[in-house]
Amino acid sequence: MTPNTVNKRLQQLQHKTKHQICIEFEDQVELIRQQPDYISEIEPFLNVLKYSLHPCEFQQQINSTMVMALCIQAPLELFHAARVRIFKLACGSFAARNMATRSLPALTCPMIKSSTGMLQSQNNFDLNRQYMVFPTTCDWVVKWRELTGMDKRQTHYMDLPHLRENEQSSNKWLEELYSLKKWLEAIVKKSITRKDIFKAIKAYMDAFRIFSKLIELRRQQRISSVHFAVITNALTYDNIENWTACTGRYILYPFHEKKESIPIFLAGSPIIFPNVKLLTLIEASSMRVAADDICSMERVFPGPACYEDKSEYALMRALSHRYHRACICPTFADNERRLNGMVNVLKNGKIKGVIFHVLKGCHPYDIESVIMENKLKTLGYRFLKIETDYVKEDEQNIVTRLEAFRQTLKQIKKQS
Amino acid sequence: MVNRVRMICQHISFVLLIYGGRLGIHLGSSLPCFACPFVNGCGGHCYLMILQRSRVGFQVTFDYLFSRAGLEVLWPFVVFLLFFVPLSKLWCGWLCPFCLFQDWITMIRKKLGIREMIFSRKTHIRLRPIKYILLVLLILIPLCIANFNLHSDWALPFCRICPAKPILPMFAGNFTHFHLDFTNTVTLCFTALSMVITGGLLVGIFFKERFFCLFCPMLGLMHIFRRLSPVRFEKDISGCTGCGNCERICPVDIHEVHLENEKKDVFMQNCMGCMHCVESCPGDNVLSFKWFGFTLFSSSRNYLSLKRKQ
């Protein structure tokens, strides 16, 4: 086969995948629009998410430098302070996943596969010219650059210490934040001042305030979990001021409480749009996600960055702790307190069941599921582990399991 | 909100304890806070001065305790407990005038955007015994005067090196405590030490919030009796996610509240009840200050988001 033929075939495959990604996205959006709980206030978030599948178009429509980042450990506030736009490399497209199947190991995490496929499907998109930040969370993230054959000159690694409560680890992570700041300064050729960081923190504080209200609505089972996922997923692609304004408008809608649904807690691997299969199935089974600790959803804001004064060091320290100590990523070694937050929400929200979502190939959450199952069952909570992929073929099987889980929770409710 | 109320309380207390005497108010001489007796026209003063005057001899008999001399030692202690018991260490965070002075200096540093000096956990642990050493010395030296003929120039040893002695009288227009006393070697040593400590502490207070509180013997004394008080600082360990806000926001960097995962009681040795940690805790009811079991203030996610708006 001549190089020309290979190139032509690759272009055809790129075109086909891109087209399929668009169809997949449009189908999911259409499904949301057809739901009885659809409100037009969700549209701005869907528009933002449209670009989450096309980094080329995303780059064209923003007026600043784009930096791609894997995982939420890279502080969003620093990117905002540097006036660069972050593009979170987390893709939930099944079509994109297919594109990368040939170049990655068979049991690769679907999110990694999908993100790789999404990048490969872009025409005239030189991966080696993109700025990328990799916090060293799971093995897939650590090895991703090598897997994709990217040039390391444009990338920045953040060495994440896997101990949360250790003083040395905290200091190390703070150093990593300073190093990221320096790297960003080199990109934008401008220093990031104390005022820039403060303004960015303030912008995210405002967002956190609105986000807290959104969570309240969710606890009262007034909003759909698919909508919630759409809103939280959009955060890492949107301008924060715009996101806050749109969320502020969304929460003003007079939602009604859905008393007939059974509240559940969702934990585990991230749920990335357009793959909201599990959320849709849970809602179709007359259950409602009242809370979660998924890093792409409720934990996208682990809390506000509280600073002791407005000096650069104090602001950086606040950010460092917010993205390290307050993070509940399963890759941390001393992660016992992750359960505390969950149990607190379960108690306050009178939630009796936990559904644990594991993406096939996502090893940290798979390991975590065993630990959580044992602990939660000891405390008297019902636990259901759903191991799935981006495929749609296992939907019926999941529905059956969810139905059985709902019956169990219903019985507990009756007994109490 | 809580911080504003606290600041108002501190300012009212400052006016009352520094200028109260001029208004005819005097709360006595057994207050559990740094209200300095060297301030002309003060509205009450620190118990540590009376404690240093309790020169009880070792030959004391049971009858002595109920004699006039004995009551002169016991009665101030009873009054101290009467003041201390209802509020416990909230006296430090909410009413102590010297703490307010430190807060003013911190405010200047914050306005200038200068970073705070951060001590490691190990350093904090090493500094902790100092306040108890000072407490023991301020009791032992007067006992030595009473029993071992130590010269009376050694009287009031802590007051003579206390940084509040030269600083607080300044607010009443008295600058005379910034001096060296050449009367004899002991007085010269005390005044020289006082100047060095005051200078060092002023620098320390500028770079480290509530720097003096790390060494305050009154805080140590109050911590010993904290169980007598109905004030409790509790943590719901099952709700703490370990975000570390409490440690970072704490003026004296108490790390035990963040790390504690067994005991409910987190009223630590250096805690002065300023409630900064409760304000910054994102967990609902995870940290709470209680009085006779009644919750005075507890943490909440909503409060935190609203506070940050301000």
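I began with what sits over helix H1 of chain B: the cover of its buried residues includes helix H5 (90-95) and helix H6 (97-112) of chain B. A reminder to myself: this is a predicted model.

Next I looked up the helix itself. H1(B) runs over residues 2-19, which makes 18 residues. From first C-alpha to last it reaches 26 Å, close to the 26 Å expected at 1.5 Å a residue.

Which residues of H1(B) are buried? I noted B:Arg6, B:Gln10, B:Ser13, B:Phe14, B:Leu17 and B:Ile18. Seen down the helix axis, the buried residues of H1(B) fall within an arc of 110 degrees, so they line one face of the helix.

Then I turned to the domains of chain B. The domain assignment gives domain 1 as 2-105 + 117-221 and domain 2 as 230-309. I noted 28 Å between the centres of these two domains of chain B, taken over C-alpha atoms. In chain B, 20 residues of domain 1 are in contact with 14 residues of domain 2. On the domain 1 side of that contact, H1, H5 and helix H7 (121-127) of chain B each supply at least two residues. H5(B) gives the most to this side, with 4 residues. By class, the domain 1 side has 10 nonpolar, 4 polar and 6 charged residues.

How many residues does each chain put into the contact between A and B? Chain A gives 30 residues and chain B gives 28 residues. On the chain A side, helix H9 (194-219), helix H13 (312-322) and helix H14 (338-348) each supply at least two residues. I sorted the chain A side into 11 nonpolar, 8 polar and 11 charged residues.

Last, the cores. The largest nonpolar core has 124 residues, and A:Ala69, A:Ala229, A:Val230, A:Ala234, A:Ile264 and A:Phe265 touch the most other members. H9(A) gives the most to this core, with 9 residues. Apart from it lies another core, of 69 residues, among them B:Cys96, B:Phe98, B:Cys216 and B:Leu221. I also checked A:Ala69: leaving out residues up to four places away in sequence, A:Ala69 touches A:Ala74, A:Ile86, A:Lys88, A:Leu89 and A:Val133.

Key. Residues are numbered from 1 along each chain as its sequence is written. Chains are lettered from A and ligands numbered from 1 in the order in which they are written. This is a predicted model: local features need pLDDT of at least 70, side-chain atom pairs count only at pLDDT 80 or more; totals for chains, interfaces and linings use all residues. Two residues are in contact if their C-beta atoms, placed from the backbone, lie within 7 Å. Ala, Val, Leu, Ile, Met, Phe, Trp, Tyr, Cys and Pro count as nonpolar, Asp, Glu, Lys and Arg as charged, and the others, Gly among them, as polar. A nonpolar core is a set of buried Ala, Val, Leu, Ile, Met, Phe, Trp, Tyr and Cys residues joined through C-beta atoms within 7 Å. A residue is buried if 20 or more other C-beta atoms lie within 10 Å of its own, exposed if 12 or fewer, and partly exposed in between; C-beta atoms are placed from the backbone. The expected span of a helix is 1.5 Å times one less than its number of residues. The arc is that of the directions from the helix axis to the C-beta atoms. Domain bounds come from an automatic or database domain assignment.
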